[in-house]
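Student: Please show me how to read this model, feature by feature.
Tutor: Gladly. Let us start from the picture.

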Amino acid sequence: MRAFALFAAFCLSLTPTQAANLVEVKEPARIADAFSPRSSLRLMNVWATWCVPCVEEMNDLRAIDATFGPEVSIVGVSLDDMIPGDRAATRRKVVAFLDQKKINYSNVYYSGNNDALADALRFSGEIPITIVYDRDGHELWRQQGKLDRRKTIAEIRKLLRRTR
Amino acid sequence: MKKLFVISLLLLATAAVADELAVGAKAPAFSLVNAVDGKTYAFKPADGKISVVFFTCNQCPYAKAFEPRLIEIAKQYQAKGVAFYAIDPNDENRFAEETLANMKDRAVSKGYPYPYLKDADSSIARAYGARVTPHVYVIDQGGVLRYRGYVDDSARPEERTKTGLTDALDALLTNRQVATTATHAFGCTIKWKG
């Protein structure tokens, strides 16, 4: 079992991350395009490199991704563009950050209006926020603030049983 | 079933903002130490002045991005009699950037035209229902909250389309109703003490 875990970790380290494909999105509605259409559930996590709890929970999101594989499609929505500065340089910084963190789930670089995003996701603006949708886009669950790995995995298991 | 689902979502949305100080409510008073001169500054609502109370900090890039804008707004509106209070509610034991000494350094180096107050137990931020830095509150001459939320809808001046803070101040200064009373405050989560 331990040997398998080490082998899996080795394989994971060889897998190129999704970071290089960081797509810029200006319209909140286009974020959904980043989800895998084959997944049963869609998990959206809104974050930024400068957000301490967001960065702290990235390992938990990696673990959730590893636990459920293609059944749960995860998309991170980076809000790093909110900080004024050179947009291309900020985007490169996010790519480098995702690479360094070995994040393999999809991410998008949101550069649209803050109000539009808050209205679309019905959230206050405080990040991180994690929202789980079914494959038709209906919201099933949300966590405002840093997520708890065990509770989130248990919640997703419950939701998967409901959606199957 | 679908109707029940929609109602549940609406209830969830209401619950998410239920702890924020309601527009129309009396603003909480406070008495806090100014990091710059070590003196205690008291805010007594209904003091006959329009007041801007905003939660900010030393470490948050988004709060720092709005710093020049807030300084500019404060200078412009202080000339019209508006009082400004900057409050740092972050836990300095976990985040050294937030000590009184570091607050003083920042306030002096940036030339803050307002006191930079330490909310040492985060209780004032809790009383206002602040969640992030920056989070802005506008209080009228009678001590009633008239606006809460962001400074502007973007920290990028060229992409700014809504100016929540100055719109509220302009309305109050000309005895008009504040049109938009609450907006989405984006920013860094407050690093709560306790």
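Student: How many bridges join strand β1 (residues 30–34) of chain B to strand β5 (residues 116–118) of chain B, and do the strands run parallel or antiparallel?

Tutor: Some ground rules. This is a predicted model: local features need pLDDT of at least 70, side-chain atom pairs count only at pLDDT 80 or more, and totals for chains, interfaces and linings use all residues. Residues are numbered from 1 along each chain as its sequence is written, while chains are lettered from A and ligands numbered from 1 in the order in which they are written. Strands (E, at least two residues) and helices (H or I, at least four) are DSSP runs, numbered from the N terminus. Two strands pair if DSSP finds at least two bridges between them. Here, two bridges join β1(B) to β5(B), and the strands run antiparallel. B:Val33 stands opposite B:Lys118 of β5(B).

Student: How do β1(B) and β2(B) pair?

Tutor: In the antiparallel sense, over four bridges. B:Phe30 has B:Phe43 in β2(B) as its bridge partner. The two strands form a hairpin with five residues between them. In the turn, B:Gly38 has a positive phi of about 75 degrees.

Student: What is the strand order of the open sheet of seven strands in chain B?

Tutor: The order is β2-β1-β5-β4-β3-β7-β8, with mixed pairing. β2 (40–43) and β8 (145–149) of chain B stand at the edges, each with a single partner strand, so one side of each lacks a neighbour in the sheet. The twist averages 30 degrees from one strand to the next. Such angles run from 0 to 180 degrees between N-to-C directions, with axes fitted to C-alpha atoms, for helices over the stretch in contact.

Student: Which order does the open sheet of six strands in chain A have?

Tutor: β1-β4-β3-β2-β5-β6, again with mixed pairing. β1 (23–25) and β6 (139–144) of chain A are the edge strands, each with a single partner, so each has one side without a neighbour in the sheet. Neighbouring strands are turned by 25 degrees against each other on average, direction ignored. Within this chain, β3 (residues 72–78) and β4 (residues 106–110) run parallel and are joined by four bridges. A:Ser78 has A:Tyr109 in β4(A) as its bridge partner.

Student: At what angle do helix α3 (residues 58–68) and helix α6 (residues 149–163) of chain A cross?

Tutor: Two packed helices are described by the angle between their axes and the distance between the axes. For α3(A) and α6(A), the axes come within 10 Å and cross at roughly 30 degrees. That makes them roughly parallel (under 35 degrees; over 145 is roughly antiparallel, 65 to 115 roughly perpendicular, the rest oblique). The contact (C-beta atoms, placed from the backbone, within 7 Å) includes A:Ile64 and A:Phe68 of α3(A) and A:Ile153 and A:Ile156 of α6(A).

Student: How many residues does each chain bring to the contact between chains?

Tutor: Chain B gives 20 residues and chain A gives 17 residues. On the side of chain B, α1 (2–17), α2 (61–65) and β9 (188–189) each supply at least two residues. The largest share, four residues, comes from α1(B).

Student: What are the overall dimensions of chain B?

Tutor: Along its principal axes the C-alpha trace spans about 60 × 40 × 35 Å. Chain B holds six helices and nine strands.

Terms used: Contact = placed C-beta atoms within 7 Å.
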